[in-house]
Amino acid sequence: VFLNLLINAFQANKNGGEITVKTFLEDIAEHDNRLTVHSVEQGTYVAVEVKDHGIGMNKETLTRIFEPFYTTKQKDGGYGLGLASAYGVIKRHGGFIHVESAPDRGSVFTVYIPRSSEKPLQEYEPSKSLATGNELILLVDDETVVRKTAQQMLERLGYKVLCASDGDEALSLLDRHKEEISLVMLDMIMPGMDGGEVMKKIRQRDFGGKVLVSSGFIHSWPVGWNPKVLSDGILKKPYTMTKLAQKLRELLDGEQ
């Protein structure tokens, strides 16, 4: 979420400028209109503010920035899924993202997450050993940052990786390496040919490997999509390396 907000702030400051990150606590009272707008509960929130002094946005853009595929960037500058994904992540934590902006006056994105009064049940203990492998995996994701990060994680786990940024490229690579690829790791929401259509075409090719769906929108797939029917497993974004390693071995070793 914060990587996305910082990249956007950097790009908005196209002529240079300062980016400010501030953290604070805020009590949001019962009659605050943000509760209604974002359908959240009153209480104390942990807030992280990302402020730039860039080009800003007009009112029309402000009303649409969290829509999937809406973008003001030029071709090859992104598909507009970053902010939609960020908003989905924060909503799943019971929070919201508040935005203030005006043309030529910069933008302020403030992430609000409910403060928890609970204490951890146990301290986190990182796994001493991760399940590794050496199979060839086809990784399909249109978001460059997500794709590169996932590729690095897979390679650190020992896997060989082929990368595709869209459905057409994925199917082309599959046709050339079908006998070598053991698993396809597939994003669902992509421009052009979406993940559901790619999955159908993969199955039509008599692919003998596994298909793992990786998506941040697993609770809001469009009507008619049912990845559970055609895929062998689902991995919700964002995921840890431990969860990724475990899921891959479950599928590749037949332990679903």
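Colleague: Are Lys 237 and Asp 141 buried or exposed in this model?

Modeller: Both residues, Lys 237 and Asp 141, are buried. Keep in mind that the model is predicted.

Colleague: How should I read the contact between the side chains of Lys 237 and Asp 141?

Modeller: The general idea is that side chains of opposite charge can pair when their charged atoms come close. Here the side chains of Lys 237 and Asp 141 form a salt bridge, at 2.6 Å from N to O.

Colleague: How many salt bridges does the count come to?

Modeller: The count comes to nine salt bridges. One of them joins Arg 34 to Glu 26, again at 2.6 Å from N to O. Arg 34 is buried, because its relative accessible area is 12%. Glu 26 and Arg 34 also belong to a network of salt bridges that includes Asp 32. Another bridge is formed by Arg 249 and Asp 253, whose closest N and O atoms are 2.7 Å apart. Its two ends can be read separately: Arg 249 counts as buried, at 13% relative accessibility, while Asp 253 counts as partly exposed, at 42%.

Colleague: Which peptide bond involving Lys 237 is cis?

Modeller: Start from the general rule: most residues other than glycine have a negative phi, and most peptide bonds are trans. The bond joining Lys 237 to Pro 238 is cis, with omega about -10°. Pro 238 lies in the loop between strand 9 (233-236) and helix 9 (241-252).

Colleague: And for phi, where is Asp 104, whose value is positive?

Modeller: Asp 104 is in the loop between strand 3 and strand 4. Its phi is near 65°, a positive value in a residue other than glycine. Asp 104 counts as exposed because its relative accessibility is 69%. Asp 206 is another case to read in this way: its phi is near 60°, also positive in a residue other than glycine. Asp 206 occupies the loop between helix 7 (195-204) and strand 8 (210-215), and at 67% relative accessibility it counts as exposed.

Colleague: Now the sheet. In what order do the four strands stand?

Modeller: In general, strands of a sheet pair through backbone hydrogen bonds, either parallel or antiparallel. In this structure the four strands form an open sheet in the order 1-2-4-3, with antiparallel pairing. Strand 1 (20-28) and strand 3 (96-101) are the edge strands; each has a single partner, so one side of each is left without a neighbour in the sheet. Direction ignored, neighbouring strands of this sheet are turned by 20° against each other on average.

Colleague: How many bridges join strand 1 to strand 2?

Modeller: Nine bridges join strand 1 to strand 2 (residues 43-51), and the two run antiparallel. Thr 23 stands opposite Val 48 in strand 2. On to the next pair: strand 2 and strand 4 (residues 107-114) are antiparallel over seven bridges, and Lys 51 stands opposite Val 108 in strand 4.

Colleague: What follows strand 2, at Met 57?

Modeller: Met 57 is in the loop between strand 2 and helix 3 (59-62). With a relative accessible area of 15%, Met 57 is buried. Met 57 and Arg 105 are 48 residues apart in sequence, yet their C-alpha atoms are 8.5 Å apart in space.

Colleague: How do I read the sides of a helix, and which residues of helix 1 are buried?

Modeller: An α-helix has 3.6 residues a turn, so residues three or four places apart point the same way. In helix 1, the buried residues are Asn 4, Leu 5, Asn 8, Ala 9 and Ala 12. Seen down the helix axis, the buried residues fall within an arc of 135°, so they line one face of helix 1. The face turned away from that buried side carries the exposed residues Leu 3 and Phe 10.

Colleague: Which residues make the nonpolar surface patch?

Modeller: Phe 2, Leu 6, Phe 10, Ile 19 and Val 21 make the patch, which covers about 440 Å². Helix 1 (residues 2-12) gives the most to it, with three residues. Leu 6 lies in helix 1 and is partly exposed, at a relative accessible area of 36%.

Methods. Residues numbered from 1 in each chain as written. Predicted model: local features only at pLDDT ≥ 70, side-chain atom pairs only at ≥ 80, totals over all residues. Heavy atoms only, no water. Patch = residues over 30% accessible without salt bridge, like charges linked within 9 Å, V, L, I, M, F, W, Y side chains within 5 Å. Areas by Shrake-Rupley, 256 points an atom, 1.4 Å probe, with all protein chains shown as cover. Salt bridge = Lys/Arg side-chain N within 4 Å of Asp/Glu carboxyl O. Buried < 20%, exposed > 50% of the residue type's maximum accessible area, 1.4 Å probe, protein only. Arc of directions from axis to C-beta. Pairing = 2+ DSSP bridges. Axes fitted to C-alpha atoms, helices over the stretch in contact; angles between N-to-C directions.
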